[in-house]
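Please have the sequence and the 3D structure open while reading.

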Amino acid sequence: MSLDATALQIPEVLLVRPKRFADSRGYFSEVYNRGPYIDAGITSEFMQDNQSLSVSAGTVRGLHFQSPPFAQAKLISVLRGAIVDVAVDVRSGSPTYGKWVKAMLTSEGGEQLFVPRGFLHGFATLVADTEVHYKVDAPYSKAHDGGVLWNDPDLAIDWGITGEAVMSDKDNAAIRFKDFDTPF
């Protein structure tokens, strides 16, 4: 397996591009193989795969986290459509605490984003009927689930969407970043 892993402005967050082999039929890509990912610095032991469908363009899911001991590292990819994927550093004492990075992930490009533990995570769909797949290294725990308001003015994240965001009630009720007490 061949892949390219590029550190973003927060170097622990990696944009991964697995190699695709194309011909007249389409393409083949090995989207996960533990060895090359370890070589790229992604040592998380993924134990669960999740998939979501967002019907409307402009759907925002996030900013989510799970506190320890159920904190999750994630490897996100798009099966259909396109997203802007965002990670916010909330590791106590980190020189990039409160800073964010983003990457566009598309089904056509096959990109993946690795988000380690200690980050808020969210994404916005850029087209209708977008399907997102993500691997996580810890199970979901409702008691350890939390969120920060996606459009918090102190974070000032550029989500790349136009118009009104499509949100869940839970995400609309998330706390402000200034009220967030990091568990990391």
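What is the strand order of the open sheet of five strands? The order is β9-β8-β11-β6-β13, and the pairing is antiparallel.

This is a predicted model, in which local features need pLDDT of at least 70 and side-chain atom pairs count only at pLDDT 80 or more, while totals for chains, interfaces and linings use all residues. Residues are numbered from 1 along each chain as its sequence is written, and side-chain values use heavy atoms, with hydrogens and water left out.

**Five-stranded sheet**

- Strands of a sheet pair through backbone hydrogen bonds, either parallel or antiparallel.
- Here the strands are DSSP runs of E with at least two residues, and helices are runs of H or I with at least four residues, both numbered from the N terminus; two strands pair if DSSP finds at least two bridges between them.
- The open sheet has the order β9-β8-β11-β6-β13, and its edges are β9 (100–106) and β13 (145–147); each has a single partner strand, so one side of each lacks a neighbour in the sheet.
- From one strand to the next, the twist averages 25° (axes are lines fitted to C-alpha atoms, for helices over the stretch in contact, and angles run from 0 to 180 degrees between N-to-C directions).
- Strands β8 and β9 run antiparallel and are joined by seven bridges.
- Val-84 has Met-104 in β9 as its bridge partner.

- Strand β3 (residues 20–23) pairs with strand β4 (residues 26–29) in the antiparallel sense, over four bridges.
- Opposite Asp-23 stands Gly-26 in β4.

**Asp-89**

- Asp-89 is part of strand β8 (residues 82–89).
- Asp-89 counts as buried because its relative accessibility is 0% (buried means under 20% relative accessible area, exposed over 50%, partly exposed in between, with a 1.4 Å probe and protein chains only).
- The side chains of Asp-89 and Thr-96 form a polar contact of 2.5 Å (a pair of N or O atoms within 3.5 Å; within protein, one must be able to donate a hydrogen and the other to accept it, and residues adjacent in sequence count only if both atoms are side-chain atoms).
- Neighbours within four places in sequence aside, the residues in contact (heavy atoms within 4.5 Å) with Asp-89 include Ile-10, Tyr-97, Lys-99 and Phe-119.

**Asp-171**

- Asp-171 belongs to helix α2 (residues 169–172).
- With a relative accessible area of 6%, Asp-171 is buried.
- Leaving out neighbours within four places in sequence, Asp-171 is in contact with Val-60, Arg-61, Gly-62, His-64 and Leu-149.
- Gly-147 is 24 residues from Asp-171 in sequence and 7.0 Å from Asp-171 in space, C-alpha to C-alpha.
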